[in-house]
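Hello,

Here is the structure you were waiting for. My notes follow below it.

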Amino acid sequence: MEEEDQRKVTDLVIELVRRLLFQQNPQNASPNSPHFSQSLRYALRILSSRLTPSVSPDADAVAESIKRRLATQGNSSDALTFADLYTKFASKNGQGSVNNKWAVLYLLKIISEDRKNAISGMDSSVLLPNLSLNDDEMGNDLRVLNAKENREKAWKNGVLLVSKDPENLREISFREFGNLVEEENEVTEEVLVRDVLYACQGIDGKYVKFDSNLDGYALSDSIKVPRATRTIVRKLCELGWLFRKVKGYISESMDRFPAEDVGTVGQAFCAALQDELSEYYKLLAVLEAQSTNPIPLVSENASSGNYLSLRRLSVWFAEPMVKMRLMAILVDKCKALRGGAMAGAIHLHAQHGDPLVHDFMRRLLRRVCSPLFEMVRSWVLEGELEDIFAEFFIVGQPVKAESLWREGYRLHAGMLPLFISQSIAQRILRTGKSINFLRVCCDDRGWADAATEAVAAAGVTTRRGGLGYGETDALESLVMEAAKRIDKHLLDVIYKRYKFKEHCLAIKRYLLLGQGDFVQYLMDIVGPELSEPANTISSFKLAGLLESAIRSSNAQYDDPDILDRLRVKMMPHGTGDRGWDVFSLEYDARVPLDTVFTESVMTRYLRIFNFLWKLRRVEHALIGAWKTMKPNCLTSHVYTKLQHAVKLQLLSTLRRCQVLWDEMNHFVTNLQYYIMFEVLEVSWSNFSNEMEVAKDLDDLLAAHEKYLYSIVEKSLLGERSQTLYKSLFVLFDLILQFRSHADRFYEGIHELQARTAESSLSSQDKNKSRQTKDKSSEPGSWIREGRKALTQRASEFLQNMGQELDALATEYKSLLEGFLTELPVQQHVDLKFLLFRLDFTEFYTRQHATMHLTLYIIFQMSIGWLVWNVAVDLK
C-alpha cells in the first residue's frame, strides 16, 4: 500500500514539473529533455528531505521575511503581489483549505534560497539532504511519462494546448500605448524626475523652475505634458519650496551669529536642522543614482530594476515631506524668538500623536535645549549665570550687596519654556541666588560641598550634557536636592555665624522698647535734655547718655557687637520742635543682615519706635504728675489757713485734677499693656515659631515681613488706621498738656503755701523770708500782697485752673469717646482686646448708649414738632 501511495506522489510531481516547464519552454517539458530530468530530480530531492526547520512555526513571520527580501532585491511590485496573494491565502479557512500554511510558505522560501544558491554555483545537495533515488527508478518514471504522453496524443478528444496570444495583440497594444505617451509628453518622465530632484535641492532644473508669482517650483505652461503629470510635479516640488525656506533660515541665522537675537539656542536649532538636511541629502543622492536607470514600458517586466518614476518618487518623499513641512513651520515660528522662548515654541509642536513626528521633535529638542539645560546646571550647582545672549529665564543685574537677594536676580517669564513648571523655575532661581548670596554677602564656600551632595543624591552627573530634554524627573530631582541642601546651609550660616535671632531679639528689646529698665533709665536721664529746643541739643551728649543708660541697666550684659550697633539718631526737625520730637534710636544692620533689615524695614521700625517712645513719654509724664500730686501733706497746712470758700474751691480743683489723672492713666496703662503684650509679644512668639520652620531665606524674609506688618497694623500705624492714629496722638498731646497744667497748678499751690507760711515765720527767719520776697517781687506775685488780696488771687487762680481742667476733661472725654467709637469698625485688624481693656466695665458703652438715646428722643421730638406745625398750617 505504501508503494502505491509513493507511486501516486511521484506521478503528481512529474505532472507538476512538466506543466511548469511547459509554461517557460515547451521543449524543456519533454521527458527526454535533460532539463526535465534535472528539474524532476531536484523536485524529488526537495520532497524527500528530512531536515527539521530551525525557526518557530510562524506563518506571518515567514511571509514578512519573503516580502522584505523581495523589496530589498528591488522587486517592489513582486513584494506587493506576494503580500496580496498571502492575504488571500491566509484568509481561506475551513474545508478544502490548507491547514499547515506555515509549512507551505517555508517550503517556498527554502526553494527560493536553494535556487539562488544553485544559480551562484553552489551544490544544492549540501543544503538539502536527499533520499537515494536510483537511475532505474528515474528511468521507469520517464518511461511512464512517455507512455502517458503518447496516450494523450492518441486521444481523439484530448486537451489541445494553444497559445493565449497567437497574434501578439498584447505586444501591439503596448507599442501603441508607448507611442501615445510619447505624443502627449514633450518631456520624458526620466527628465522630469531629475528636474524634480534638482528642485528638491533648491536648484532650478531644465523644465522645472522656481516661479516667484506662484511662490513655488512648477513646470512652464509652454511645456506639453498631461495635467496629471503637471499636478504631481507641483506636489513633489513642494518639498523643494520647504527646503528653500529651511535652508534660507539656516543661512540667514548663521550669517548673523553671534548676534544677540540668535544666541546659542538658535545656533543649536540651526545645527539640528542642518543635521536633518544632511540625512535628506543622503536620500537625494540615492534617488539620483536610481534616476539614471531607464523607466521600463508597461509591456516589460518592471518589477525588477531600480528605476525611479514620479509615482515612486511620491512614495519616497512621503516621510521627508512630513519632516520638512514640520521644520518649515518651526522656522516660521522661531524667526522672532530666541533662547527659552524658542525652546518653548518648539516644545508645543512636540505634543503630537504621530510616532514619527514625536520622535523627530524629541531628537530635535534634545539638540535645541542642550544650551538651556547647561545654563540650568551651571546656575544650580555653581551659581554662574552663563548667559551672554540673554536667553536664560533668569536675569541678573548689578546691584549693591544689601540688594542682591531681592533685586539681583529675577525670573524672565517670556524666556521660561513650558516644559519647566513655574514652581521648579522658582526653585532654580532661589538655588543659584542662594549660592551667590553665600559667596558675595556671607563670604562662604560651604555651598560647594552641599552642591556635590545634591548631585550624588539626585543620581545625575555634573558634566556638560548631563541633563537634556525629556529628562524632567532628573531635572526636578537635581533642583530639589540642591535647593534643600544649599538653603539649609544658608540658614545655618545666617543663624549661627551671623546670629540672626540674637539681632532680632536686640531690635525688639531696644528699638521696640522691650528692655524695661533700660528704657526707664534712658527716659529719666535724657528727659531734661530733650525738653530743650531741638536745634540746641548735641548728638554727642545724647550718645553719652545712651552709654550711661546701657551701663546702668541689664543691657550691659549683652553681646558687645549688639550694643555697638545701637546708636542715637536725630531726625530732621524744624523751628519750634523739641528734643522729644526728633530723638530716636537706630540699629546698624550690616551685611548680610541688611538683606533682611533693609532701609525700608528700618524706616518702619523707626515709625514703631517713635510711636512707642511717645507712649512711654506720656506714661513718664503721668508718673511725673503723680509724683507731684502724691505728697498731699503740702496741702494740709493750706486748708487751715484759707477761707472756707477758697478751701472748698481748692479741694474741688484737686479732686478734678486727680480724677482726670486717673482717667488718663487708665487709658495709657491699658493701651501700653495692649501694645506690649497683645501686639509685640504675640507677634514675636509667632515670628519665633516661623523662624524655626523656615526652609529657606525667602521663608525667613516672609516671616519677618509678616512680623513687622502685624506690629504696624495692630499698633494702628497702617494706612487704613490713620484716623485712629491721629486721634490717638491728639489724646497723647492732651495728656502732655494736662501734665503742664498739673505742674502749673501745684506750683501755684506751692506759692500759696509759701505765702501762708510767711506770716508765721519767727524773727530769726526774717532774713530768709526777705530773700523770698525779693524773688517774689515780680508783677503778679502773691507774696507781696496782703491777706485779702492773697485770698482773692488764690480764688481767681483756682477758678482759672478749674476751668482749664474742666476744658481739658471735656475735650479728653470727647476725644476718648470718638476713639472708642472707631475701634469696633476697624475690620482690617483685631482690636477687640484693646476695646475690652479700655471698657471692661462698659462705662463708655453705657455712656455712649445714653447719649444715643438722648439724641434719638430729641430727634423724635423734632419730628413730632414738625408734623404738628405742618398740621396747623394745613388747617
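**Overall picture**

The protein chain has 34 helices and six strands. Both are DSSP runs numbered from the N terminus: H or I with at least four residues for helices, E with at least two for strands. This is a predicted model, in which local features need pLDDT of at least 70, side-chain atom pairs count only at pLDDT 80 or more, and totals for chains, interfaces and linings use all residues. Residues are numbered from 1 along each chain as its sequence is written, and side-chain values use heavy atoms, with hydrogens and water left out.

Of the 875 residues in the protein chain, 41% are buried. Buried means under 20% relative accessible area (1.4 Å probe, protein chains only). Among contacts in the protein chain with a separation of 6 or more, 72% join residues 24 or more positions apart. Contact means heavy atoms within 4.5 Å.

**The α16 and α20 pair**

Helix α16 covers residues 370-382, and helix α20 covers residues 472-497. Their axes come within 10 Å and cross at roughly 20°. The axes are lines fitted to C-alpha atoms over the stretch in contact, and angles run from 0 to 180 degrees between N-to-C directions. α16 and α20 are therefore roughly parallel (angles under 35 degrees). The crossing of α16 and α20 is left-handed, that is, the near helix is turned anticlockwise from the far one by less than a right angle.

Which residues meet? α16 brings Phe-373, Val-376, Val-380 and Leu-381. α20 brings Leu-475, Leu-478, Val-479, Ala-482 and Ile-486. The residues of this contact are nine nonpolar, no polar and no charged. Ala, Val, Leu, Ile, Met, Phe, Trp, Tyr, Cys and Pro count as nonpolar, Asp, Glu, Lys and Arg as charged, and the others, Gly among them, as polar.

**Two residues to look at**

Thr-431 lies in helix α18 (residues 422-440). Thr-431 has a relative accessible area of 0%, so it is buried. Leaving out residues up to four places away in sequence, Thr-431 touches Val-380, Val-479, Ala-482, Ala-483 and Ile-486.

Phe-500 is in helix α21 (residues 500-510). Phe-500 counts as buried because its relative accessibility is 0%. Beyond neighbours within four places in sequence, the contacts of Phe-500 include Leu-593, Phe-597, Met-691 and Leu-700. Phe-500 and Met-691 are 191 residues apart in sequence, yet 10.0 Å apart in space, C-alpha to C-alpha.

Best regards

Technical notes
Angles under 35 degrees count as roughly parallel, over 145 as roughly antiparallel, 65 to 115 as roughly perpendicular and the rest as oblique. Buried means under 20% relative accessible area, exposed over 50%, partly exposed in between (1.4 Å probe, protein chains only).
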